[in-house]
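User: I want to learn to read this kind of model, one feature at a time. Where should we begin?

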Amino acid sequence: MQLFPRSLNKLPLVAAAVLGLLGPAVVGGVWYYVTPKNFQVGYAPTQPVPYSHKLHAGQMGMDCRYCHANVEKSAHAMIPPTQTCMGCHSLVKTESGRLTPVRESWASGEPLEWVKVHKLPDHAYFNHSAHVSAGVGCVSCHGRIDQMEVVRQDKPLSMGWCLECHRDPKPNLRPKDQVTNMEWRPEMAKNWTPPEVHPPQHCSGCHR
Amino acid sequence: MSSHNLPIKELGEVSLVAEGTTFKSITETVAVVTETKAPRGWWIGFLIAVNFTGILGAAIGYLIWTGIGVWGNNSPVYWAWDITNFVWWIGIGHAGTLISAVLFLFRQKWRTAINRFAEAMTIFAVICALIFPGIHVGRIWYAYYMPPLPNSMALWPNFKSPLLWDVFAVSTYFTVSLLFWYVGLIPDLATFRDRAKTKVRRLVYGALALGWRSSNRHWQHYERAYLLLAGLSTPLVLSVHSVVSFDFATSVIPGWHTTIFPPYFVAGAIFSGFAMVMTLMLITRAVYGMKSLVTQKHLELMNKIILLTGSLVGYAYAMEFFIAYYSGNDFERHVFIHNRASGPFAWAYWIMVSCNVISPQLYWSKKLRNNIAVSFVVSILVNIGMWFERFVIIVTSLFHDFLPSSWGYFRPTLIDIFIYFGTLGLFFTLFLLFIRWIPMIAIAEVKATLPEADPHWDPSHASHDDAHGHDEDAHEEPAAQPAE
């Protein structure tokens with residue numbers, strides 16, 4: 001007795017074709033999209049003050065360390081207090097409406113609540129001073145901050161991305177006086193040889 | 001000319017099926033189980049099993065919600081019932097693979113009556129086993145860390161670890177067993193399709209039978225595929241439990257760090273598997289009137305394997321003691337003498353020895369190995385004993401660490417107990433569903449063992465004429481029968 005239509009004989013072929021396309025599509029889709037490259041990069045929250053890194057660090061050429069002062073000594077790159085802003089803005093642009101929250105904070109003593117952009121999970125230990133004093137440039141992890149109107153995350157900050165450099169750090173090293181230079185390129189220091197550094201690759205290097 | 005399948009009376013051979021069994025009666029006996037209403041006993045068994053499965057689900061839900069602290073595992077006994085149950089279930093599966101693959105390659109035709117049954121048992125046992133590695137990680141949403149998947153953490157499992165080999169061994173085992181089972185089922189599913197009275201049955205069995213028409217070409221492809229899968233499965237009988245034993249043997253814990261483990265575990269696996277097949281077979285055969293297909297001869301042969309593997313396991317136990325003594329290592333001696341044969345877990349050790357070593361020795365007597373009640377009791381005892389074997393190996397090697405300051409004891413919690421008995425519930429639920437919907441005996445294969453299945457069969461020499469029943473079911477020709 002004929003139970004199924006004759007056209008069903010094509011089912012194995014159709015199934016093979018569909019699975020042959022769908023399988024790689026799913027794998028490729030997960031590979032590309034379900035990663036920090038897709039989920040994390042581009043995160044650019046609105047800050048309480050429309051502060052422009054492009055203006056300050058880029059056009060005016062301020063050094064990163066003017067505001068993030070402790071980055072060479074401390075595990076955390078500090079977010080500047082209102083007082084740092086007012087060091088200039090008590091004299092410059094004192095009437096600017098965009099700076100109202102800063103002046104209010106200055107008057108009340110309530111700190112500004114900046115939104116953290118580069119987040120690492122609690123179980124990952126990260127020390128800015130170790131990286132900066134080894135000669136890793138700011139730009140290596142943060143991208144061209146000096147060209148960002150609003151700071152956005154530029155790198156995935158995934159474990160695989162960390163390990164890429166921990167396994168082969170030399171391409172990201174530079175002379176220590178060039179750490180904050182956003183435009184430094186290896187050709188600019190031809191006679192300089194990167195130091196031998198041995199970043200940890202074992203689990204407890206970062207998961208302490 | 002007479003048939004190759006006729007038993008040689010002068011050698012004491014007997015027919016593989018009872019006298020008077022015909023092609024038609026085989027189909028009828030097997031198919032009628034799924035075509036009539038389930039007996040009351042099936043429903044009672046099913047309700048009990050489903051309830052236990054529910055308990056399993058609830059206990060696992062609670063474990064995932066709360067964490068694996070709900071188990072009794074704690075310092076220094078970090079492995080306990082979870083891995084005991086895992087090894088026990090995986091071991092039980094091995095009889096199915098041995099019967100379906102190894103006995104097939106060795107042309108042991110008596111396997112045909114029990115192979116379907118044993119293969120189903122393998123698959124369900126592996127499903128039960130797979131629950132444990134899944135839930136023991138605690139954070140079950142990270143269970144995907146077990147296989148080596150490329151990921152943005154650049155993180156891989158340790159390829160030097162037998163726990164990863166386990167992932168490969170068990171997943172390969174499950175896949176190959178499932179394929180083997182399904183390929184073997186196709187001709188029988190086609191028989192069910194052809195007998196179906198309702199449209200739904202016809203379509204479901206029709207779809208599952210993959211258009212099987214029992215043509216000569218179909219049989220040729222089928223036999224080739226079956227042979228290849230048997231060849232693929234055969235090394236798995238040895239490799240899977242060897243790898244499981246490496247979980248212990250590659251560590252440096254006294255009581256685990258021994259080279260005897262792989263063969264010892266494989267023998268134990270086959271031992272427990274045959275015991276489980278025996279338990280299930282005795283019940284099913286009595287309930288569904290399959291005594292003409294699964295004869296006393298089959299039971300006796302299985303009991304012989306139980307005697308052989310039980311003695312191998314007993315030898316391994318003795319050898320462990322000898323090596324502990326002969327090594328002169330204080331820690332090894334301590335484990336065997338003070339942690340196993342005596343000490344707080346001596347009760348578990350001696351349950352293991354009585355069930356696994358002593359009880360199968362009854363089978364030296366032909367009378368006892370042909371006694372149904374003895375077979376049933378021993379099969380249960382062996383299952384208990386083999387569970388205790390894994391418990392003894394795991395817990396008694398851990399509860400006394402090297403320093404007396406880290407000596408402890410293990411007590412299971414209620415959740416441990418719920419999960420273990422819950423997996424028994426899951427196993428029996430799947431098994432009862434299998435009995436209800438799938439041909440539980442390989443119809444085509446059993447037919448091939450009848451004298452009539454021989455191409456040179458001459459009915460004029462036959463003691464009983466069953467050619468009539470054969471003609472009626474021309475589409476159900478067995479493997480050895482070429483298309484005419």
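Analyst: With helices. A helix here is a DSSP run of H or I with at least four residues, numbered from the N terminus. Note that this model is predicted. Under that definition, B:Leu282 sits in helix H8 of chain B.

User: How many helices and strands does chain B have?

Analyst: Chain B has 16 helices and zero strands.

User: What span should helix H8 of chain B have, and what does the model give?

Analyst: The expected span is 1.5 Å times one less than the number of residues. Helix H8 of chain B runs over residues 261-287, 27 residues in total, so it should span 39 Å. Its end C-alpha atoms are 39 Å apart, in agreement. Just past H8(B), B:Gly289 has a positive phi of about 60°.

User: Is H8(B) mostly covered or mostly uncovered?

Analyst: Count C-beta neighbours. A residue is buried with 20 or more other C-beta atoms within 10 Å, and exposed with 12 or fewer. H8(B) is mostly covered, with 19 of its 27 residues buried.

User: And B:Leu282: buried, partly exposed or exposed?

Analyst: Partly exposed, because B:Leu282 has 17 C-beta neighbours inside 10 Å.

User: Which residues does B:Leu282 touch, leaving out those up to four places away in sequence?

Analyst: B:Ile372, B:Ser375 and B:Phe376. On helices in general, 3.6 residues make a turn, so residues three or four places apart point the same way.

User: What about the chain A side of its contact with chain B?

Analyst: Interface size is often quoted as accessible area lost when the parts come together. Here, count residues. Nine residues of chain A contact seven of chain B. Helix H9 of chain A, residues 159-167, supplies the largest share of the chain A side, three residues. By class, that side has six nonpolar, three polar and no charged residues.

User: How far apart are the domain centres in chain A?

Analyst: The assignment gives domain 1 (53-79 + 115-206) and domain 2 (80-113). Their C-alpha centres lie 27 Å apart.

Notes:
Residues numbered from 1 in each chain as written. Chains lettered and ligands numbered in written order. Predicted model: local features only at pLDDT ≥ 70, side-chain atom pairs only at ≥ 80, totals over all residues. Contact = placed C-beta atoms within 7 Å. Helix = DSSP H or I, 4+ residues; strand = E, 2+ residues; numbered from the N terminus. Nonpolar A, V, L, I, M, F, W, Y, C, P; charged D, E, K, R; others polar. Domains from an automatic or database assignment.
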